[in-house]
Amino acid sequence: MADAPITQDVLTIPRKLPEGPVNLVGLTRDAMREVLIASGTPEKQAKMRVGQIWQWIYQWGVRDFAVMTNLSKAYRAELAEKFVIEIPEVVSKQVSEDGTRKWLVRIAGGHEVEVVYIPEEGRGTLCISSQVGCTLTCSFCHTGTQKLVRNLTAGEIVGQVMMARDDLDEWPVPGAPKDETRLLSNIVLMGMGEPLYNFENVRDAMKIAMDEEGIQLSRRRITLSTSGVVPEIERTANEIGCQLAVSFHATTDEVRDKLVPINKRWNIEALLEALKAYPRGRNSERITFEYVMLHGVNDSDEDAHRLIKLIEGIPAKINLIPFNEWPGAPYTRSSNNRIRAFANIIYNAGYASPIRTPRGEDIMAACGQLKSATERARKSRKEIAAEAGLG
Ligand code: SAH
Ligand code: SF4
């Protein structure tokens, strides 16, 4: 079945170290402690060692054990023998006219995913991927035309953030005061893949991104976007606690079934129930409803009015996304006038309704355009149209 959940990679704590050096990036503090003990670090020192190594890796961006000067020389040499500090490798980088950067990075197995950095006034957002491809087949999404290859590990997820820090040259220098104005200030899990079908790895990676001694981003600056994996929404609140965005995109089950096929499993009513229960730290922490504007499909005045009715009682902001076209896409973008009229109806009902400015279009970095050109597993135009119920 196209939208069957894939098996989760549960992080098991190894009793014995596997062959070859272990990558420390992406391990939780507990898991790091276990691997250090398994490799000979005395148990009573392990917690302190984790703290020290953790800070070098995530706070200072160090990849070389030799630089970790608060550890003894002998211990550093031992670490270098048994462990590595590895992040995805940059294959190519493109910079848009508007400053948006897109990197193609390679992960183990030779697979590739895309990472996008969007600079804004006084801040900057990194859009990261959670899977190579996607099990879901949203008919307007370029990634949806690429079959799922595999889940990213926690190290590969947080590694995208570390790679971007490298490229932006934004690692602080030891001893320097903490810089409050960062180029990379926000993370959105809006790249390739469905983050809630890779829950544990996404959670562990985001915990590192939020860690006080790690990458130090506030949970309010991390937004996870889901197509609507209802059973995992409550867990997201409890175990990650980040902001939530949901790819809503339609106001009737009939249309949503076609646009976001996971709707056939958890329909609009089930999704809204889960969203109503999503606890928020403060009232200002609204749920973002993402709504892609597709000409003649979901963009009528009636849709706008239905949307307002549906979300009643949910503290929400509606993010309208002009459809980003890609070769072979079975839809076109709504006109600017239509998008504005739709936005006004929502705004007049008391909701913020920002229209997302497409960024990095010239380098195919805009929402939903990501797809590694190198992946062979593609679907034909005909298959895409047939799955969208258009064929
Ligand atoms: N899989 C997750 C997150 C990745 S997509 C999800 O579906 O929510 C991030 C956002 O971009 C989603 O709202 C998605 O529906 C939207 N999107 C996908 N393709 C798009 C396209 N071609 N144009 C505009 N937005 C698109
Ligand atoms: Fe997957 Fe999200 Fe694209 Fe749907 S919109 S196919 S869930 S990446």
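Predicted model: local features only at pLDDT ≥ 70, side-chain atom pairs only at ≥ 80, totals over all residues.
View 1. Buried here means under 20% relative accessible area, with exposed over 50% and partly exposed in between (1.4 Å probe, protein chains only). Glu-285 sits in the loop that runs between α8 (268-276) and β12 (287-293). Helices (H or I, at least four residues) and strands (E, at least two) are DSSP runs, numbered from the N terminus. Setting aside residues up to four places away in sequence, Glu-285 touches Arg-219, Arg-220, Gln-243 and Arg-280, where a contact means heavy atoms within 4.5 Å. Two of these neighbours also meet the Glu-285 side chain through polar contacts of their own side chains: Arg-219 at 3.1 Å and Gln-243 at 3.3 Å. A polar contact is a pair of N or O atoms within 3.5 Å; within protein, one must be able to donate a hydrogen and the other to accept it, and residues adjacent in sequence count only if both atoms are side-chain atoms. Look for Ala-316 as well: Glu-285 and Ala-316 are 31 residues apart in sequence, and their C-alpha atoms are 8.5 Å apart in space.

**View 2. The surroundings of ligand 1.** Ligand 1 has 20 residues around it, and Gly-193, Ser-225, Ser-247, His-249 and Asn-324 come nearest. A residue counts as near if one of its heavy atoms lies within 4 Å of the molecule. At Asn-324, a polar backbone atom lies 2.9 Å from a nitrogen atom of the ligand.

**View 3. Ser-247 in its strand.** Ser-247 belongs to strand β11 (residues 243-247). Is Ser-247 buried or exposed? With a relative accessible area of 13%, Ser-247 is buried. Beyond its neighbours within four places in sequence, Ser-247 is in contact with Ser-225, Thr-226, Ser-227, Arg-256, Val-260 and Glu-290.

**View 4. Helix α4 and its kink.** Helix α4 (residues 154-168) has 15 residues and spans 22 Å from its first C-alpha to its last, close to the 21 Å expected at 1.5 Å a residue. That expected span is 1.5 Å times one less than the number of residues. A kink of about 25° is centred on Gln-160; the bend at a residue is the angle between axes fitted to the seven residues ending there and the seven starting there. Because 13 of its 15 residues are buried, α4 is largely enclosed by the rest of the structure. Just after α4, Asp-169 takes a positive phi of about 55°.

**View 5. Confidence along the chain.** The chain averages a pLDDT of 88, and 85% of the residues score at least 70; pLDDT is the predictor's confidence in each residue, from 0 to 100. Helix α9 (residues 301-310) has the highest confidence, at 98, and helix α11 (residues 381-387) the lowest, at a mean of 53.

**Notes.** Residues are numbered from 1 along each chain as its sequence is written, and chains are lettered from A and ligands numbered from 1 in the order in which they are written. Local features need pLDDT of at least 70, side-chain atom pairs count only at pLDDT 80 or more, and totals for chains, interfaces and linings use all residues, while side-chain values use heavy atoms, leaving out hydrogens and water.
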